[in-house]
Amino acid sequence: MRDHHTDQQNRTRLTRDAIAKRIADSPYGNNGKRWAARWLDVESYGQVGLALFNLPPIVERAHGDILIDVDGKEYVDLLAGFSVSALGQCSEEITAVIREQAGKLVHYFDLPHPERIEMAERLARICPIKGGQARVAFGVTGADAVELAVRAARYWSGRPIVLTAFGDYHGVTYGTMALTGKGGMWPYFYPVLPLDTGVSYFPFPYPYQSPFGRAPEGEDEAAWCLSRLEDYLSYFLESKESPYREVKSGITSVAAFVVEPYQSSAGYILPSPGYMKLLRRLADKYDILLMVDEIQTGLGRTGRLWAVDWEDVEVDVLITSKALGGGLPLSAVVTRSEVLESWGPGAHVSTQAGNALACAAGNRVLDVISDPAFLAGVAERGAYFAAGLEELQRRHPLIGHINSQGIYIGLELVRDRASRQPAPEEASFVLEECVRRGVLFEKGGYFHNRFQLIPPLTIRTSSVDRVLAIFDEAFSAAEKRFGASS
Ligand SMILES: Cc1ncc(COP(=O)(O)O)c(C=O)c1O
């Protein structure tokens, strides 16, 4: 069959020669290079690891906050399997639960079992659902939970439109692709278009690189950015020319806001304070659902159980996954009871949903992270890490901006602090230097210039210190190579 690649697709396409060069230039040992060659002989070139790194290490073992590759080299883990291993890799308590459950019941279709029922009860109790009466539906991955939640919102409300923010990430299945309005995702799927035409977008209040431009002199930039968003959304929801609402009759076609409280895949960006409160107020005013995707921000990552807890906001729908299964695939949608009560039996089914092993591990995760002392420890460890980064910022002008909440940390690299001109090449260089020296994390951001630091919530002080020392060396190397920015 003919290869239909267009010029556009060829720009991101890897050739076999490029792959061979990445392997040859990589900082890994002989075993790592051999395994990488085997890997890339058979797996897709669309692997996310080839986008995040020149070449990811081939990790063989891990414990706590340390990953060990096939050559025995150690890396401090600042990625936690992309927020999955919140309690660290192979933690003894989770491993013990999985062993025990594996001797009882591994999985039995999408049917009830005690671990699953217990987890549903706990999620219903600990999620900040408006009105207090909650109901749960299980899934396997983040994206399938988002799909289920959006379907439920539309079914319950009888309305088709959902609103999300540019830069949000909610998955890349056919059902979620339209909701992932994140920089440059859609061209990868070209010529497959996002098929959900009932999705519309608004700018995310990202104060450091505000979509509304720089705040006027003397204004608080976060507050200013949020007030521009409020104007925008009000226009969207009630202007006479809005396609979504007929002002005179008061009818609307909007079912829900579907949002990340903080934008994770887009760079671990904290929005202007008050973002959730603003959406809650508008959701109440226009009688629409507030649905939050806490797949990354939830389960203790920010030092509270849920990111929306920081603004004391109750939501209509909350979606959780990643850390929920203690490393095993599991997701859940938690809604105001009446939303899921509107569905008849059989409205949703997924063979692997609510897996018994994952629920057993997840119940243990919930035990640990619901403990206020554990959450206080997350806040403390995050503050220690952030203070170390701020100290580095004083010496390395490349670090333009740091935002952190608990152990949810984003770092923005700029060429010039006054203009905030992004420094994407420098960011790639520093990342590769860090991988070489034994620290693993992800780089992303609207301008490819943000470091996304999400280690296990249990990260040790000694590991943070090791990371800070390696960052110091890597930033110095970048300044030598690119010249010091200002
Ligand atoms: C906020 C958010 N929502 C949804 C998803 C999709 O989850 P999954 O990859 O498990 O489908 C992700 C994945 O990174 C995510 O970060």
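How many helices and strands does the secondary structure of the protein chain come to? The answer is 16 helices and 18 strands. The model is predicted.

**Whole chain**

Start with everything shown. The radius of gyration is 23 Å, close to the 23 Å that the globule rule gives for 486 residues, so the chain is as compact as a globular protein of that length. Colour by burial next. Of the 486 residues, 47% count as buried. Now consider contacts with a separation of 6 or more: 73% of them join residues 24 or more positions apart.

**Helix α7**

Select residues 114-126. This is α7, with 13 residues. From first C-alpha to last, α7 reaches 18 Å, close to the 18 Å expected at 1.5 Å a residue. Highlight Glu115, Arg116, Met119, Ala120 and Leu123, the buried residues of α7. Look down the axis of α7: these residues fall within an arc of 135°, so they line one face of the helix. An α-helix has 3.6 residues a turn, so residues three or four places apart point the same way.

What covers that buried set?

**Lys322**

Move to the loop between β11 (317-320) and β12, and pick Lys322 there. Is Lys322 buried or exposed? Lys322 is buried, because 27 other C-beta atoms lie within 10 Å. Show its contacts beyond four places in sequence: Ser83, Val84, Gly142, Ile295 and Gln296.

Last, select Val42. Val42 and Lys322 are 280 residues apart along the chain, and their C-alpha atoms are separated by 27 Å.

Technical notes:
Residues numbered from 1 in each chain as written. Predicted model: local features only at pLDDT ≥ 70, side-chain atom pairs only at ≥ 80, totals over all residues. Helix = DSSP H or I, 4+ residues; strand = E, 2+ residues; numbered from the N terminus. Expected span 1.5 Å × (residues − 1). Buried ≥ 20, exposed ≤ 12 C-beta atoms within 10 Å, placed from the backbone. Arc of directions from axis to C-beta. Rg over C-alpha atoms; globule rule 2.2 N^0.38 Å. Contact = placed C-beta atoms within 7 Å.
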